[in-house]
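Q: Hey, could you walk me through this one? I'm new to it.
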Amino acid sequence: LRRYFVLPYEVCRIKDIEAKYYLTLRHALVADIRGTITPNPSSLLLLAQAMERHADELIEDIGRGMVNPAYLPASDAPSITAGLVPDQKRAAELAACVRATGRLLPAEAWPNLRALSCWKGGTMPLYLRKLPEYFGDVPVRDLGYMASEGRGSTPLVNSGAAGVLNVTTHFFEFVPAEQRDRDDPDFLTAEELESDHEYFVYLTTSAGLYRYDINDIVRVVDFYRRTPVIQFVRKGQGISSITGEKLTEAQVTAALVDIVDGGGFDLDHVTACVEWGEPPCYAFYCETARPWPEEQCHRFLRAVDGELSARNIEYEAKRSSRRLGMPVFKQVAAGSFTAFRQQRVAAGAPEAQVKIPHLSTDMRFGEHFEVIGEHRLQAVETSP
C-alpha cells in the first residue's frame, strides 16, 4: 500500500477537517498523483478548495520540508512528518501555477492525474458537476455500491453510477420496494430481478450476517451477461410524508439537478426538511457561493415547486389543495454545512462517508444552521 498511496494512515484518523485536508495536501502535492479514491465527491471539492485557500502555506512548507505545527496532532506528529524533506523545485513549480492563474488547482498541480473514483449515485450529482472546475476533464469512475458490511457492485465503465452485482462476494437477496411493509414480502435472488425496478437489499455474508437489512434501495439499470447491474438510489428512510405526499430524496435530488443545470443557481449545499405551519411546507436550507437577491430566491422556489410537482403527483395534489404550503428559502451562513460535517465527524462518523442529505426527515435539522436570510412567496401561490 505504501508503494502506491501517498497518505500515511495517521492522517486518516484526524477528526479536525481543516487539519486533515491540509495534511493530505502536504503529502499529496509533492507526489505525482495519478488517481484519487474517496467515497464522497464532496471530499474532492473540499480538498480542492483547501488547496486554493492554503496555497501559500503549503508551498512554503514544501520548500522548507516542514509542516505548519498548527495542523499537526501531537500524538501522531512523528509518523505524519516522516519522510518529508525540503523540495525547492516542487515548491517553485507550484508557485509558478499560482502566479499564472492566481489559484492553485488540482488540474495544474497534478497534470498526470488520470482518474477520480467516488460515488456518483444518490445525492452526489450536485457535487459531481463542480469537479471539472478544479480537476479538469478527468474521467470519474463510480466507486461501486459498498458499505462497512460488504461490497455490493463493481462498475465496469466510467459513465453512470451503476456496477455489476458482486455475486461471488456475498449472497444477495432483494425485496421489491413496494413490498417493504408487507408481512410476507417476496425475497428474490439475483436471477429473478427485472430491469428498471427498485429493490431493498439483504446481505448474507461469511462474516456472520444473515439476511441483513442494510436499508438501501437499489435500481437494476441493466444486465451484464446474466448478472444485474445495480445503482444505489437512496436509504430506505429517505422519504417524507407529512400530508401524504410521499416525497423521496431521489425526487428532490433530481429536481435540484435540473434546476441548477438549467437556471444558473450557484448552490454549494442544500437540504430540504419539513417546517410545521398552517399549512406545513418544505424549507430549503441553502448555502450559496454568494448571497442571492430576493428575485432569484423567489425564482428558485417556483422552480423547486414546479419540478417536485412534475415528479410526484401526490406532492402536486397536496400543493394544489393547499394542504401543503409553498417551499421556503433559508439562506445559511457560509461554512454552515462544513461545520455540520465536522459535527458528524466529531460524533464518530468517517469523514469521507459523511453525506449531506438533500431531504432530511429530522424535524430539528434546521437547528444545526445559522439562518441569515429567509424568503417566502405569497401564501396564495400554488404549484402550476
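Q: Which ring does Arg-180 lie over?
A: The ring of Phe-200, with 3.9 Å to the ring centre.

Q: Before we go on, what kind of model is this?
A: It's a predicted model, where local features need pLDDT of at least 70, side-chain atom pairs count only at pLDDT 80 or more, and totals for chains, interfaces and linings use all residues. Residues are numbered from 1 along each chain as its sequence is written, and side-chain values use heavy atoms, with hydrogens and water left out.

Q: OK, rings. How many aromatic pairs are there?
A: The count is 16 aromatic pairs. Rings of Phe, Tyr and Trp (its six-membered ring) pair if their centres lie within 6.5 Å; planes under 30 degrees apart are stacked, over 60 edge-to-face, and the rest tilted. Tyr-145 and Phe-232 are a stacked pair, 6.4 Å centre to centre with 15° between the planes.

Q: Where do those two sit in the chain?
A: Tyr-145 is in the loop between β3 (140-142) and β4 (146-147), while Phe-232 is in strand β11 (residues 227-235), so to speak 87 residues apart. Strands here are DSSP runs (E, at least two residues), helices are too (H or I, at least four), and both are numbered from the N terminus.

Q: Is Tyr-145 buried or exposed?
A: Buried, at 10% relative accessibility. Phe-232 is partly exposed at 22%. The cut-offs are under 20% relative accessible area for buried, over 50% for exposed and partly exposed in between (1.4 Å probe, protein chains only).

Q: What about Phe-174 and Tyr-199?
A: They're edge-to-face, 6.2 Å centre to centre and 75° between the planes. Phe-174 is in strand β8 (residues 171-176) and Tyr-199 in strand β9 (residues 198-204), so the pair ties together parts 25 residues apart in sequence. Both residues are buried.

Q: Switching to helices: how do α2 and α3 cross?
A: The axes of α2 (residues 17-28) and α3 (residues 41-53) come within 9 Å and cross at roughly 75°. That makes α2 roughly perpendicular to α3, a label for angles of 65 to 115 degrees (under 35 is roughly parallel, over 145 roughly antiparallel, the rest oblique). Axes are lines fitted to C-alpha atoms, for helices over the stretch in contact, and angles run from 0 to 180 degrees between N-to-C directions.

Terms used:
Lys NZ or Arg CZ within 6 Å of the ring centre and 35° of its normal.
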